[in-house]
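Here are my notes on the model you sent over. I start with the overall fold and then turn to one helix pair.

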Amino acid sequence: MYKYVLKRLLMMIPVLLGVTFLVYFILALSPGDPVRMILGEQASEESVQMLREELGLNDPIPVRYVRYLGGLLQGDLGTSYKNQLPVAPQVLERFPNTLILAMSGMLVALLVGTPLGILSAKKQYTLLDNATTVLGLVGVAMPTFWLGLLLVLLFSLHLGWFPSSGMGEGIGPLLKSLVLPAATLGTSCTASVMRMTRSSMLEVLRQDYIDTARAKGLKEGYITLHHMLKNALVPIVTVAGLQFGMLLGGSALTETIFSWPGLGRFMVDSIKSKDMPMVLGSAVFLAVVYSVVNLLVDILYAYIDPRIKSQYKK
Amino acid sequence: MEKQLAVKDLRVRYETADGVVEALNGVSLSLEKGKSLGLVGETGAGKTTLAKSIMRLIHTPPGNILAGEILFEGQNLLALPIEKMREVRGNEISMVFQDPMTALNPVMPVGQQIAEVIAVHEKVSKVEAMEKAGEMLEMVGLEARRAGEYPHQFSGGMKQRVVIAIALACNPKLLIADEPTTALDVTIQAQVLDMMLNLRKQLGTSLLLITHDLGVVAQNCDEVAIIYAGEIVEHGELREIFHDFRHPYTEGLFGSIPSLTQKADRLNPIKGLMPDPSDLPAGCKFHPRCKYAKAVCGNAIPGTYDVGGGHTVQCHRYGSKEYESEG
């Protein structure tokens with residue numbers, strides 16, 4: 001098991017190299033001059049040249065890339081072009097906000113999606129099953145920004161139950177301000193988790209060992225939880241893990257709509273101002289988080305299914 | 001002798017998009033306390049459907065029990081509310097399934113799978129249930145310390161021992177074994193059957209043994225019932241059936257076993273195929289393959305005739321006037 005984890009950690013190195021390579025070159029080759037962004041259009045050609053030299057922007061891109069990697073190896077994510085402060089603390093400062101939001105969204109997805117998926121599978125082709133299927137499709141298909149706006153319209157403007165934007169201070173206001181963004185973010189996840197739970201449960205439902213369990217005289221609820229769900233769990237955890245990774249990296253839209261001070265919105269702002277070290281730093285950080293989440297999911301498999309655990313030992 | 005199990009005129013159908021499958025067409029059977037009955041028939045004859053009907057494990061839809069009674073110690077199982085049926089399952093009637101590879105939950109330790117059935121039927125703590133599960137493992141010839149291992153760490157024969165341990169854990173009155181050895185090697189088959197025989201003697205359990213192997217029946221059963229296309233065509237004492245079989249289908253079954261004393265180049269199977277259960281022939285279900293068939297066989301379903309000593313045959317040759325008058 002430890003050997004497996006170590007192997008997976010080593011495999012993260014090429015992944016991160018790939019991510020930095022792609023993001024670095026895309027940003028470096030995209031039009032627009034960061035120096036002009038910093039100094040403004042009126043700046044003199046001389047001061048522009050001086051800053052270019054200072055930031056090392058006159059060197060060829062590959063050289064700059066290698067230099068960036070060198071800094072990265074020493075834990076240096078660079079300095080922001082915009083505010084001249086180190087990138088790492090600024091990323092770390094915003095990440096917890098994104099994490100809170102993503103975890104709330106995931107919680108919504110698991111708490112709503114899993115039970116609905118189980119019910120839907122057990123009552124296959126009934127009205128309930130068809131209704132949840134339709135709802136699920138709507139949930140997946142609905143664009144996040146639109147759903148977010150609708151929720152704000154109804155629950156903030158009309159009913160005034162929840163704040164429309166910002167992140168509350170203290171537990172009570174924080175939870176209150178979390179409801180709408182978490183619901184927005186969780187909706188499409190809920191639908192994915194629900195659909196996966198349903199199909200995975202349907203596969204398990206007619207297995208011989210379910211008949212064995214019934215032949216023992218066990219109660220249906222117990223069978224559903226201990227025999228069906230446990231066997232259906234691996235695909236559900238896979239989807240949940242992937243979705244969680246997406247929530248961490250892809251909540252930019254939701255964060256923008258609700259003015260949530262998270263990493264996603266921060267990244268979008270940095271892209272707009274061509275603050276390359278900031279974008280790179282955020283992307284690298286998210287890539288690490290994403291890889292770690294996936295690794296955790298893979299380790300979780302071993303605890304769900306002992307057959308996978310015995311494979312890891314090899 | 002008191003009847004342990006009596007199945008009366010059981011009719012079961014599967015209603016699928018491709019048509020109605022008539023799996024059981026009026027099956028009647030009975031089994032006395034402590035005895036063993038072998039139910040013999042080929043694949044698709046309705047053996048497993050019968051076993052699952054007794055346990056009320058038929059999935060509805062597509063399955064549907066249309067008519068009949070299943071009396072266990074005089075109580076109609078089909079009329080029991082599901083809560084009462086749960087008290088019967090695993091406690092009074094147990095079942096051993098055909099394929100040990102798929103009959104165990106792959107993500108639960110085997111000890112726990114045995115302990116579950118004990119915990120649900122007996123008033124014991126979890127620890128006591130696990131202890132008893134360990135004892136059951138030893139009883140079926142496995143080490144108790146392996147209780148924490150998962151099914152994939154056992155061989156097929158060992159898995160079937162675990163399945164048998166589950167079935168016998170609460171000391172049931174009736175054990176239904178659905179082809180318990182079909183999925184196993186011949187050497188392991190003998191071990192598992194011997195073990196079942198010994199345990200049954202110790203515990204006094206009645207047995208309904210479902211198989212397509214006449215040899216297995218000969219070693220393990222007191223009575224034999226032959227099932228064909230969802231009907232019991234012949235039923236009697238082991239000796240009666242083996243030495244004085246009457247139904248043409250039974251005759252064909254025994255005729256298809258190669259003899260040790262006579263030279264034979266080819267096997268001698270029953271001609272034709274078993275009818276499609278979604279499109280059964282009228283009259284006697286066996287008549288298209290029967291060498292004694294006359295016109296009446298295709299028109300009327302034969303009655304069940306007693307040919308002496310409780311040996312019954314469902315065939316026009318043993319009492320139908322039309323059959324005799326046709327000449």
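1. Before anything else, keep in mind that this is a predicted model. Everything below is computed from those predicted coordinates.

2. On secondary structure, chain A has 14 helices and 0 strands.

3. For overall dimensions, the C-alpha trace of chain A spans about 85 × 60 × 35 Å along its principal axes. Chain A has 314 residues, and 35% of them are buried.

4. Now the helix pair. Helix α6 of chain A covers residues 127-141 and helix α8 of chain A covers residues 171-205; their axes come within 8 Å and cross at roughly 135°. An angle over 145 degrees would count as roughly antiparallel, so α6(A) and α8(A) are oblique to each other instead. The crossing of α6(A) and α8(A) is left-handed.

5. Which residues make this contact? On the α6(A) side they are A:Thr132, A:Gly136, A:Gly139 and A:Val140. Facing them from α8(A) are A:Thr187, A:Ser188, A:Thr190, A:Ala191, A:Ser192, A:Met194 and A:Arg195. By class, the residues of the contact of α6(A) with α8(A) come out as 7 polar, 3 nonpolar and 1 charged. Gly counts as polar here, so A:Gly136 and A:Gly139 belong with the polar residues.

Note on methods: Residues numbered from 1 in each chain as written. Chains lettered and ligands numbered in written order. Predicted model: local features only at pLDDT ≥ 70, side-chain atom pairs only at ≥ 80, totals over all residues. Helix = DSSP H or I, 4+ residues; strand = E, 2+ residues; numbered from the N terminus. Buried ≥ 20, exposed ≤ 12 C-beta atoms within 10 Å, placed from the backbone. Axes fitted to C-alpha atoms, helices over the stretch in contact; angles between N-to-C directions. Parallel < 35°, antiparallel > 145°, perpendicular 65-115°, else oblique. Left-handed = near helix turned anticlockwise from the far one by under 90°. Contact = placed C-beta atoms within 7 Å.
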